[in-house]
Amino acid sequence: ILSHVLIDAGCHTIGFSKCRQFTFRLTDGDQFLSPSLAQKIESQCPQSNSNNVLPFDPNSPFNFDASYFQNLQNVDGLLFTDQVLFSHPATQGLVSQFASSQSLFFQSFINSIIKMTTIGVLTGQDGEIRNVCSQVNSS
């Protein structure tokens, strides 16, 4: 299960996040935030409600690669939920493995996506596919 959590987080090798998703890290005394990343957040996200965005992986924001995991090793994970993957003993080894072997990350990602296709989608009375992930659809 832990490898699937890491694989899902590995999707953050591509993409961006709005400042409001991570600026709290500056004021919460986040021990898992590098000084260089803190400086970047401060300069590019002047307000916590800013519509500015930063890449999950500044080294290769448009490439699907293992750089994301290398960032976590350097305490440069943009989201707190990502960075703790390297800080927690249960997942630290997997982060290191994916950081050092892009082919292992790719193969694990493929296997995880295939496994996810077997999960049944709940619809009708049993559930819904949300239009906005954080909100229940209005009836």
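**Close-up views of the helices and cores**

**View 1. Val75 in a loop.** Val75 is found in the loop between helix H4 (67–73) and H5. Helices here (H or I, at least four residues) are DSSP runs, numbered from the N terminus. This is a predicted model: local features need pLDDT of at least 70, side-chain atom pairs count only at pLDDT 80 or more, and totals for chains, interfaces and linings use all residues. Residues are numbered from 1 along each chain as its sequence is written, and side-chain values use heavy atoms, with hydrogens and water left out. Most residues other than glycine have a negative phi. Val75 is not a glycine, yet has a positive phi of about 60°. With a relative accessible area of 28%, Val75 is partly exposed (buried means under 20%, exposed over 50%, partly exposed in between; 1.4 Å probe, protein chains only).

**View 2. The buried face of H5.** Helix H5 covers residues 80–87. Its buried residues are Asp82, Gln83, Leu85 and Phe86. Seen down the axis of H5, they fall within an arc of 140°, so they line one face of the helix. The arc is that of the directions from the helix axis to the C-beta atoms.

**View 3. H5 against H6.** The axes of H5 and H6 are 5 Å apart, and the helices pack at an angle of about 90°. Axes are lines fitted to C-alpha atoms, for helices over the stretch in contact; angles run from 0 to 180 degrees between N-to-C directions. H5 and H6 are therefore roughly perpendicular to each other (65 to 115 degrees). From H5, Val84, Leu85, Phe86 and Ser87 meet Pro89, Thr91, Gln92, Val95 and Ser96 of H6. Contact means heavy atoms within 4.5 Å. The residues of this contact of H5 with H6 divide into five nonpolar, four polar and no charged. Ala, Val, Leu, Ile, Met, Phe, Trp, Tyr, Cys and Pro count as nonpolar, Asp, Glu, Lys and Arg as charged, and the others, Gly among them, as polar.

**View 4. H6 against H7.** Helix H6 (residues 89–100) and helix H7 (residues 102–116) cross at roughly 115°, and their axes come within 5 Å. That makes H6 roughly perpendicular to H7. Gln97, Phe98 and Ser100 in H6 meet Gln102, Leu104, Phe105 and Ser108 in H7.

**View 5. The largest nonpolar core.** This core has twelve residues, including Ile7, Tyr68, Phe86, Phe98 and Phe109. A nonpolar core is a set of buried Ala, Val, Leu, Ile, Met, Phe, Trp, Tyr and Cys residues joined through side-chain atoms within 4.5 Å.

Methods: Helices (H or I, at least four residues) and strands (E, at least two) are DSSP runs, numbered from the N terminus. Angles under 35 degrees count as roughly parallel, over 145 as roughly antiparallel, 65 to 115 as roughly perpendicular and the rest as oblique.
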